[in-house]
Amino acid sequence: MLVSALLTSVAINSALCVSFFVLYSILRKLPNNFEVYIPRLLVEGNFVRRSLVGLERLIPSTSWLGKAWRLSEEDILLSSGLDGVVYMRTITLLLKVFTFAGIIGIFVLLPVHCSGTELDEFDFTDLYNNSLDEYRYISSKRIDYFYSSKPQPHQFTILVRSIPVSAGSSVSDSVDRFFTEYHPTTYLSHVVIHRTSKLRTLVSQAKKMYRTLKNRRSQSSGKKYKRLGLFGRKYELVDDYGKQLDDIEQNVRMEQSALSLADETRAAFVSFKSRYAAAIASRLLQSVNPTQWLTEQAPEPSDVYWPFFSESFMRRWISKLVVVVARYLPSLILQSFLKTVPPIMEFLSSIQGYISHSEIEKSACNKVSIILDPRNIPANLAVSVPAQFINVYAPKYESAGKFWPIVHNTMIFSLVLMHAIAVGIFTLKKLSLASTLILPLPILTLLFNEYCRKRFLPVFVAYPAEVLITKDRQDRNDTTMSEFYDKLATAYQDPALMPIRYSESSESLSRPLLSSAQG
């Protein structure tokens with residue numbers, strides 16, 4: 001009876017998978033679905049549209065399956081960075097775990113359950129080759145990726161908080177004076193962070209109005225006119241939207257021009273001439289007062305979370321305290337508002353003091369586990385094949401595999417939880433020998449986790465001095481470094497301070513209204 005039900009379940013799932021692949025193979029060929037299945041190729045201009053006629057559009061094509069299967073790690077690395085490789089490694093690890101567990105379940109546990117007898121022999125000699133030795137691979141891959149990467153602004157830049165300012169001086173003056181005195185040979189430039197919440201609101205309005213205007217212009221039918229009064233003349237809605245866009249852009253330029261020293265925050269991005277100098281400055285205590293001149297490594301410019309920057313050590317400490325207290329609430333929230341838990345956790349992480357989107361998402365992942373609906377597993381696996389990196393998703397930022405320790409910690413927690421459940425079941429069934437034999441497993445698992453924390457985790461926290469110095473020496477012979485230093489001075493300019501040019505009548509601006517290379 002049990003075997004019959006199992007075979008029926010396997011047959012149904014197999015039929016569903018086949019149906020899904022056939023449907024996907026048909027839908028992806030329809031021109032109207034190109035924006036869904038290959039948006040990245042369309043944006044990058046790497047796909048030529050061609051119309052399919054007759055039965056050709058209804059015949060499933062399996063060519064995409066071969067391309068996805070043959071996609072190598074090098075291809076994913078070039079198109080989506082190391083984060084894409086780490087994500088696929090995570091999927092591969094899960095498949096290995098479930099495959100191993102499935103083999104044990106089908107060929108060991110199922111016969112034992114059905115027959116009620118134990119298997120006399122089982123080969124454990126190959127367990128070492130199937131061990132979960134992914135941490136070592138990902139950490140070495142992270143170092144290799146760093147050596148092969150071009151100079152990036154975040155490698156040379158740190159974020160400085162809680163900057164003390166004397167009377168009659170500005171934040172920019174304080175930063176320039178401090179780093180010129182204490183880092184005279186390596187200090188390059190800095191950018192002071194301003195309060196730009198109102199500007200960001202105006203820029204968002206401009207983007208929204210521009211999209212509306214663009215959609216109106218692309219429409220071939222529908223309401224295009226609006227009447228002034230009951231019998232007044234008609235005028236085009238496009239002109240109305242264009243005028244509103246002009247007004248918003250004018251307000252943006254006025255707000256940008258009106259920024260003053262009063263809008264400066266006590267934080268700045270400080271750039272250095274070498275990676276090693278930036279790493280040293282980010283890890284050393286800069287002042288005898290530990291609440292001032294707080295430093296940390298800067299994220300990528302595109303990864304910066306501009307809306308929130310703690311202005312003082314006290315405010316940042318209070319924010320962290322509030323979030324730590326609030327972490328006891330997710331269990332209650334999860335039961336009541338399952339759909340709102342992820343954004344709530346992301347919001348809590350955003351007010352905790354993180355200054356990059358990747359750190360916010362990592363913190364949110366640590367606060368809550370998102371449980372997948374079993375009915376959605378085929379769809380989730382389908383969008384996870386290596387081709388949803390090549391054809392669909394374009395990376396917003398690159399963390400160089402920093403999410404891997406979360407995967408590892410989740411795996412260790414699951415193993416220890418499984419051990420605890422097994423001990424509890426064997427104890428209830430009064431199988432003292434089985435409980436005793438399992439007790440060493442959680443101890444060995446935790447010892448393995450501690451070894452990984454000591455051996456591999458530091459590489460994911462910061463690159464070693466040996467690696468940084470070697471990379472800096474390689475760049476000494478690079479003729480493009482002077483050009484890179486020039487771009488580095490403006491890399492961390494707040495997007496809200498950059499000129500916008502959506503309307504046709506907007507002025508031609510070649511630089512932001514507020515100087516970004518301060519100091």
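Residues 24 or more positions apart supply 78% of the contacts in the protein that have a separation of 6 or more. The model is predicted, and it contains 22 helices and 6 strands. Of the 519 residues, 36% count as buried. The protein exposes about 32200 Å², with carbon and sulfur atoms providing 62% of that area.

Helix H10 spans residues 275-283 and helix H21 spans residues 465-475; the two pack at an angle of about 145°, and their axes lie 8 Å apart. From H10, the residues that take part are Arg275, Tyr276, Ala279 and Arg283, and they meet Ala465, Leu468, Ile469, Lys471, Asp472 and Asp475 of H21. Sorted by class, this contact comprises 5 nonpolar and 5 charged residues, with no polar ones.

The backbone also deserves attention at two loop positions. The loop that runs between H10 and strand S6 (294-297) holds Trp293. Although Trp293 is not a glycine, its phi is positive, at about 55°. Trp293 has a relative accessibility of 7% and therefore counts as buried, the cut-off being under 20% relative accessible area.

Key:
Residues numbered from 1 in each chain as written. Predicted model: local features only at pLDDT ≥ 70, side-chain atom pairs only at ≥ 80, totals over all residues. Heavy atoms only, no water. Axes fitted to C-alpha atoms, helices over the stretch in contact; angles between N-to-C directions. Helix = DSSP H or I, 4+ residues; strand = E, 2+ residues; numbered from the N terminus. Contact = heavy atoms within 4.5 Å. Nonpolar A, V, L, I, M, F, W, Y, C, P; charged D, E, K, R; others polar. Buried < 20%, exposed > 50% of the residue type's maximum accessible area, 1.4 Å probe, protein only. Areas by Shrake-Rupley, 256 points an atom, 1.4 Å probe, with all protein chains shown as cover.
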